[in-house]
Each structure stands twice: as structure tokens, then as C-alpha cells.
Amino acid sequence: MSPALLVLASGNAGKLREFHQLLAPLGLEVHAQADYGVADVEETGLTFVENALLKAREASRLSGLPALADDSGLEVDALAGAPGIYSARYAGEPKSDTRNNARLLEALAEVPEGRRRARYWCVLVLLRHAEDPVPLIVQRSWEGEILQAPRGEGGFGYDPLFWLPDQQASAAELDAEQKNRLSHRGRALQALVAAMAPEPARS
Ligand SMILES: O=c1nc[nH]c2c1ncn2[C@H]1C[C@H](O)[C@@H](COP(=O)(O)OP(=O)(O)OP(=O)(O)O)O1
Ligand SMILES: [Mg+2]
């Protein structure tokens, strides 16, 4: 199954930018949910999977198109996995990357280097239609460490605080192509697209 036109069930400008960069070369036409008047749904699930399903189902229902949703977040070991599924709302509503980053630094103020391990998770859900009983689901993570102060201007969300030891850079210091190649979202999308390819006929 390889739909030509997809709705992206997200209101996050950073995610939408990355999805466009990743999907444009594949000949998939993608439109943001805002183009169909879809507002953010309440993310009432207790898992990334549940929240991604809620988002995809609502966008598909209102647009009448197949929908791709991304629920993602940051899991910090020293914080017992927080902020996790609450990453976007970590510092309360309305959502603010600046306040979320400040709260994260505060929560880790007493945690020394070497104990600041963290990972991003990205769960992607593709629904062929709003009542699709067989959602395509892929999840990937990206390991890093939380810096003591922000670095870099690229990316979005927690990227200025997300240090990649292998790259000797924060996620916000990577260029878009590098981030998309390495990130939880970029690799999850690659896997999703591979899973969307039609199955070869069996003899
Ligand atoms: O590559 C990333 N670089 C930096 N930060 C990231 C990334 N990936 C997820 N994150 C953070 C942003 C937000 O704090 C949370 C996602 O929350 P999440 O509910 O999935 O997204 P959202 O509310 O911003 O937009 P929407 O639900 O409409 O897709 O994790
Ligand atoms: Mg959200």
C-alpha cells in the first residue's frame, strides 16, 4: 500500500519541516492537518502508540485521507523516564520549547555529567483510513545525553540540550540532512516507508 497523498497529523512546525524534507524525495504528497482544519486532539493515551493513533485517526476522519502521525518525546534515565509522553507539556500549557528546556535543566541541575543519559523516542502510525483496523506502527529511539546548557540553533524542541557523543555535537548543531539520517524520526520513517512497499507476489 503506497498512498500518493497523505495528511500529516501534527501541528508541530519542526516535525512538519522534517517530514517534508524526508518525504518529498519519495514522490509522496503530504499536507499538514491544518490544511483540513484539523486541530490538535487531546493526547489522553498512556503510551506514544496510543497518542499517535488518536492523532492519526482524527486527521484521517476529518480529511478523508490516509494519515501519518508522530508521537515522540524524551526519556531521561536520571528522571525515571520523564518527561516521556508528557515531553511537549513538561512545563505546562501552552506548550513552549523554551520553558520545557529550562525545566529540564532545572530538574537535572544536581545530576553530574556521565549520569545524564537520555533518548528520544518516535512512534509513527499510518492509517489507511480512519477506521483502519491494521495500523502500520514503527518506533525508533536515538541515544544521547542532556547538556548543562543549550548549544546550536537548528532543529526544534529539546535539540539544543541533546548531546550526541558520536557526533560531538548537539542535535541543534547538525544540519537538517544529518539530523534526518540519524534521528529517531528519520530512521522510523525509513522503516515505515519500507513497510509500506507492496509485498512481492509469492509463488
Ligand atoms: O526531533 C526532536 N527534536 C527535539 N525535540 C523533539 C524531537 N522529537 C520530539 N521532540 C519533543 C518535542 C515535544 O516536546 C515532544 C513531542 O510531543 P508530541 O506530542 O509528539 O508533539 P507536539 O505536541 O509538539 O505536536 P503534535 O502532537 O501535533 O505532532 O518531544
Ligand atoms: Mg502533541
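The following questions and answers go through a predicted model of a protein with a ligand.

Student: What do the numbering and the thresholds rest on?
Tutor: Residues are numbered from 1 along each chain as its sequence is written, while chains are lettered from A and ligands numbered from 1 in the order in which they are written. In this predicted model, local features need pLDDT of at least 70 and side-chain atom pairs count only at pLDDT 80 or more, whereas totals for chains, interfaces and linings use all residues.

Student: What are the mean pLDDT of the protein and the ipTM of the complex?
Tutor: pLDDT is the predictor's confidence in each residue, from 0 to 100. In this protein 99% of the residues reach 70 or more, and the mean is 96. For the complex, the predictor gives a pTM of 0.96 and an ipTM of 0.99.

Student: Which strand gives the largest share of the shell around ligand 1?
Tutor: A residue is near the ligand if its C-beta atom, placed from the backbone, lies within 6 Å of it. Of the 24 residues around ligand 1, Ser10, Asn12, Ser72, Ala88 and Gly157 come nearest. Helices (H or I, at least four residues) and strands (E, at least two) are DSSP runs, numbered from the N terminus. The largest share, five residues, comes from residues 67-76, which form strand β3.

Student: How many residues of each class does the shell around ligand 1 have?
Tutor: Ala, Val, Leu, Ile, Met, Phe, Trp, Tyr, Cys and Pro count as nonpolar, Asp, Glu, Lys and Arg as charged, and the others, Gly among them, as polar. On that basis the shell has eight charged, six nonpolar and 10 polar residues.

Student: Which residue carries the UniProt annotation "active site", and is that residue buried or exposed?
Tutor: UniProt positions are given in the numbering used here, feature names are shortened, and annotations may be inferred rather than shown by experiment. The unreviewed UniProt entry puts "active site" on Asp71, which sits in strand β3. A residue is buried if 20 or more other C-beta atoms lie within 10 Å of its own, exposed if 12 or fewer, and partly exposed in between, with C-beta atoms placed from the backbone. Asp71 has 27 C-beta neighbours inside 10 Å, so the answer is Asp71, buried.

Student: Which residues does Asp71 touch, not counting residues up to four places away in sequence?
Tutor: Two residues are in contact if their C-beta atoms, placed from the backbone, lie within 7 Å. With residues up to four places away in sequence left out, the contacts of Asp71 are Phe48, Asn51, Ala52, Lys55 and Val123.

Student: Which residues does UniProt list for "binding site", and what is the largest C-alpha distance?
Tutor: The unreviewed UniProt entry lists Glu42 and Asp71. They are spread over 30 residues of sequence but cluster in space, with a largest C-alpha distance of 12.3 Å.

Student: Is Glu42 buried or exposed?
Tutor: Glu42 lies in the loop between β2 (29-32) and α2 (48-63). Its count is 8 C-beta neighbours inside 10 Å, so Glu42 is exposed.

Student: Why do the buried residues of α1 line one face of the helix?
Tutor: In helix α1 (residues 13-23), Glu18, Phe19 and Leu22 are buried. The arc is that of the directions from the helix axis to the C-beta atoms. Seen down the axis of α1, the buried residues line one face because they fall within an arc of 100°.

Student: Which exposed residues does the face of α1 turned away from its buried side carry?
Tutor: The buried residues of α1 pack against β1 (5-8), β2, α4 (176-182) and α5 (184-196). On the face turned away from the buried side, the exposed residues are Ala13 and His20.

Student: Which residues does a cis peptide bond join with omega about -10°?
Tutor: Most residues other than glycine have a negative phi, and most peptide bonds are trans. The bond from Ala82 to Pro83 is cis, with omega near -5°. The cis bond with omega about -10° joins Glu93 and Pro94.

Student: What is the phi of Ala80?
Tutor: Ala80 is in the loop between β3 and α3 (97-107). Ala80 counts as exposed because it has 8 C-beta neighbours inside 10 Å. Although Ala80 is not a glycine, its phi is positive, at about 55°.
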